[in-house]
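Me: Could you take a close look at one part of this model for me, the nonpolar core, and tell me what it is built from?

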Amino acid sequence: MGVPQNKQELLEAIRTSHAKLWADLCTIPDARAHDATMEGHAQGTCMSPADLVAYLVGWSLLVLKWCDRKAQGVPVDFPETGYQWNELGLLAQKFYADHAHQDYRVLLQQLAQVHARILALVEACSDAQLYGAPWYGKYTLGRMIQFNTSSPNANARTRIRKWKKLHQLV
């Protein structure tokens, strides 16, 4: 699938990438979900499948925060207060830490909930709102949502499938 160009394509990309990833995430045994044996988001670090889910939850919550703040006319610190775009590895570590003590199944529930909230956000927007004008720098709102939902979902699925194969969980 190419880069979404309109609301329907964006919804399809988010739904499809989430469904494929979800199918893989749900097959990870709880006993292995916190094994930090997968390459992390920062060079030289490792993460667990639970950390990867925390990362996805964290980014989706940021998208919702950005949109909420913009709608209120409040300035947005991109990507997040206290972090610059060149510190995404540190932000990933924050997401892992935020959810470090959560049960894997609880994390999956949070991912499902934030996924539903992202879909509702997109559904509430028109094509013009999503793709009619730059929203952050040169990027439209639709592109920013895609960058932080369907794209990381596809990347996460690749990571999870590689990890499952390595650990003979396929």
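Reply: Happy to! Of the 170 residues in the protein chain, 44% count as buried, meaning under 20% relative accessible area with a 1.4 Å probe and protein chains only. A word on the basis: this is a predicted model, where local features need pLDDT of at least 70, side-chain atom pairs count only at pLDDT 80 or more, and totals for chains, interfaces and linings use all residues. Residues are numbered from 1 along each chain as its sequence is written, and side-chain values use heavy atoms, leaving out hydrogens and water.

Now to the core itself, a set of buried Ala, Val, Leu, Ile, Met, Phe, Trp, Tyr and Cys residues joined through side-chain atoms within 4.5 Å. The largest one has 48 residues, and those with the most contacts inside it include Leu25, Trp66, Leu130 and Ile145. Two or more residues each come from α1 (7–25), α2 (49–72), α3 (88–98), α4 (104–124), α5 (127–131), α6 (141–147) and α7 (150–166). Among these, α2 gives the most, with 13 residues. The chain has 7 helices and 4 strands, which are DSSP runs numbered from the N terminus (helices H or I, at least four residues; strands E, at least two).

Leaving aside neighbours within four places in sequence, Ile145 is in contact with Leu10, Ile14, Val63, Ile118, Leu121, Val122, Leu130 and Ser150, contact being heavy atoms within 4.5 Å. Across the protein chain, residues 24 or more positions apart account for 67% of the contacts with a separation of 6 or more.

Definitions and conventions: Buried means under 20% relative accessible area, exposed over 50%, partly exposed in between (1.4 Å probe, protein chains only).
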